[in-house]
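Dear colleague,

Please find the structure below, handed over for your use. My notes on it follow.

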Amino acid sequence: MTAIAHLNRLLPGLQPLVKYRAADWPHDCKAGLSVAAVAIPVAIAYAQLAGFSPSTGLYASILPMIVYALAGTSRQLIIGPDAATCAMIAAVVAPLAAGNSGMYLSFTIALTLLTGVFCVAASFLRLGGLADFLARPILVGLLNGVSISIMIGQLGKVLGSKPEATRFFRQVLEIPELVLKAHWPTVLLSLGSVAVMLLMPRLSKRVPASLMTMILAGLAAYLLRLDQMGVALIGPVASGLPDLEWPDLPLHEVGDLAGSAAGLALVLFTSGMLTARSFAERNGYDIDVDREFAAFGMANIVSALSQGFAVTGADSRTAVNDANGGRTQMVSVIAALAISLLLLVGTGSLAWLPIPALGVVLLFASWSLLDLQVFRRYHQVERAALVLGAITMLGVLAFGAIKAIMLAVTLALLMFIRRVARPACEELVNVPGRPGLYNRLFFPEATTIDGLLLLRFCGPLVFFNASHFRSELQRAIARQKAPVERVVLDLIPMTSLDITGIDTLERLDAELAAQNITLTLAGRQIEFERWLEATGHPDQSMHQRVYPTMRQAIRQWHGRDEVGTADEPSAEEDRQGWST
């Protein structure tokens with residue numbers, strides 16, 4: 001492989017930029033400036049959420065966007081600070097820093113660096129499939145929990161009163177006291193910011209509401225001297241581009257940070273991939289999840305090197321990119337350059353931004369993440385999904401995001417193991433007028449053939465569910481009103497069979513024979529014969545009771561043809577629904 005091919009594999013976004021088409025420039029330029037207009041106030045607000053200066057949030061929005069434009073495979077995805085990752089960072093780092101602001105930033109940068117390293121390592125191990133590991137209900141619960149906790153955490157800022165509680169449920173109990181201690185100039189400014197956030201989308205779709213809110217709030221603070229009235233402002237913001245420095249890793253805390261970094265890597269990658277995949281599908285192209293893992297890792301590494309914090313795919317900024325016609329990764333480059341220009345010449349105006357207005361922006365951003373209606377759908381479709389989502393949401397509120405995710409993933413694994421270890425054993429019936437066989441639960445009044453029991457075990461037959469299968473089969477026999485003479489077992493859903501499963505079938509065969517019941521198998525004839533050979537099973541009689549299809553097993557019960565025939569079903573069978 002040539003050096004150019006190696007470079008294109010490492011940086012898949014480089015070639016489209018090298019071969020950039022001039023026709024894409026007007027669209028990408030417009031989208032890039034629109035993304036920057038949204039990213040600037042959001043980055044400042046998220047930096048406040050995570051406990052950093054505004055410049056730190058802007059630092060996390062420059063090099064990571066450029067690096068992802070070179071290393072990522074999504075044309076629309078915009079990398080930047082995210083509410084969920086910021087909340088997770090604060091939850092992990094705050095206890096370790098113990099109020100020391102210098103240590104807080106150091107721990108955060110180290111956490112971001114380790115997160116990036118984990119992502120790159122996962123890419124080399126081809127673990128991009130982990131994007132599917134966090135079930136959708138877990139992510140919904142995570143985002144709901146984070147959004148609720150963020151909104152409660154912003155109440156002190158928008159009311160101008162200082163909260164004392166740090167835990168969610170104590171913060172909720174503290175709300176009446178915060179309202180009684182409210183600073184009314186701050187409250188009036190917050191109400192004005194809420195009005196702008198509500199009205200701007202109706203007045204103009206082109207101007208971001210968060211940007212206009214920041215501009216108007218800053219002008220009000222400057223013209224009315226709101227700082228003299230006690231309204232909190234951001235204050236001086238460091239100008240200039242970030243210095244590239246290798247962060248100091250606190251070796252004695254690496255163990256604590258490593259576990260959190262692994263969880264953070266999984267969450268930011270999974271949530272980012274949801275956004276990337278949805279926009280890739282909308283625009284008709286595919287993304288490489290393993291390359292995306294590496295791109296996310298590289299973006300977080302450069303964020304740490306440039307004094308930033310953890311970043312991921314930002315759905316709101318990606319939506320702005322797509323809505324404004326962005327076509328290529330050049331959008332990220334343009335947006336990063338616009339933010340850099342602000343840091344070079346425009347930081348003086350940022351000092352007048354009121355913190356209550358940032359709180360309002362965060363409130364609206366968090367509200368957009370909140371989706372409680374989905375729980376109703378989960379309740380109607382799958383109760384297990386409702387349990388996963390609710391436990392994750394409540395866990396985030398009670399214990400924090402990392403512990404909640406660990407709890408939810410553990411619960412999801414246990415539910416998965418239970419589902420595999422206890423598959424359904426369905427009794428099959430024919431339904432007149434419908435070809436095929438159906439679960440009797442859906443057609444309880446369907447007729448059955450006396451003496452014949454058709455069963456389908458919906459899972460592999462292996463060591464951890466063999467006893468369950470045996471018990472379910474015996475229960476199904478006991479439920480029949482007429483004596484059972486033959487059991488036909490559908491092997492099609494039985495995707496795997498180990499030595500324990502084959503021994504279980506042999507044991508069942510003997511038990512059923514003692515009850516004058518014949519065990520017959522249908523489907524996967526060749527696979528079953530090979531399973532018998534591979535396990536060295538001595539019972540050759542089972543070979544003679546395996547049929548290619550359920551229909552042939554049923555027809556043999558009727559005595560209409562010999563084993564192995566594959567003629568067409570009769571008209572009477574079609575009418576009764578036995579043609580499978």
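Phe443 has a relative accessible area of 25%, so it counts as partly exposed (buried means under 20% relative accessible area, exposed over 50%, partly exposed in between, with a 1.4 Å probe and protein chains only). This is a predicted model, in which local features need pLDDT of at least 70 and side-chain atom pairs count only at pLDDT 80 or more, while totals for chains, interfaces and linings use all residues. Residues are numbered from 1 along each chain as its sequence is written, and side-chain values use heavy atoms, with hydrogens and water left out.

Aromatic rings come next. The structure holds 11 aromatic pairs; rings of Phe, Tyr and Trp (its six-membered ring) pair if their centres lie within 6.5 Å, and planes under 30 degrees apart count as stacked, over 60 as edge-to-face and the rest as tilted. One of them joins Phe443 to Tyr438, edge-to-face, at 5.5 Å centre to centre and with 65° between the planes. Tyr438 is partly exposed, because its relative accessibility is 23%.

Phe457 and Phe469 also form an edge-to-face pair, because their ring centres are 4.9 Å apart and their planes stand at 65°. Phe457 belongs to strand β5 (residues 452-457) and Phe469 to helix α21 (residues 466-479), so this pair ties together parts 12 residues apart in sequence. Helices (H or I, at least four residues) and strands (E, at least two) are DSSP runs, numbered from the N terminus. Phe457 and Phe469 are both buried. Elsewhere, Tyr68, Phe269, Phe293 and Phe296 are linked into a cluster by ring pairs.

Two rings have a charge over them (NZ of Lys or CZ of Arg within 6 Å of the ring centre and within 35 degrees of the ring normal). Arg434 lies over the face of Tyr438, 5.8 Å from the ring centre. Over the ring of Tyr285 sits the charged end of Arg75, 4.2 Å from the centre.

Two single residues remain. Asn439, in strand β4 (residues 434-439), is buried because its relative accessibility is 10%. Its side chain reaches the backbone nitrogen of Leu441 at 3.1 Å. Residues up to four places away in sequence aside, Asn439 touches Glu426, Glu427 and Leu428 (contact means heavy atoms within 4.5 Å).

Ala47 is part of helix α3 (residues 25-50) and counts as buried because its relative accessibility is 0%. Beyond its neighbours within four places in sequence, Ala47 has contacts that include Phe52, Pro54 and Phe309. Its C-alpha atom is 9.2 Å from that of Ala60, 13 residues apart along the chain.

Regards

Key:
Polar contact = N/O pair within 3.5 Å; in protein donor to acceptor, adjacent residues only side chain to side chain.
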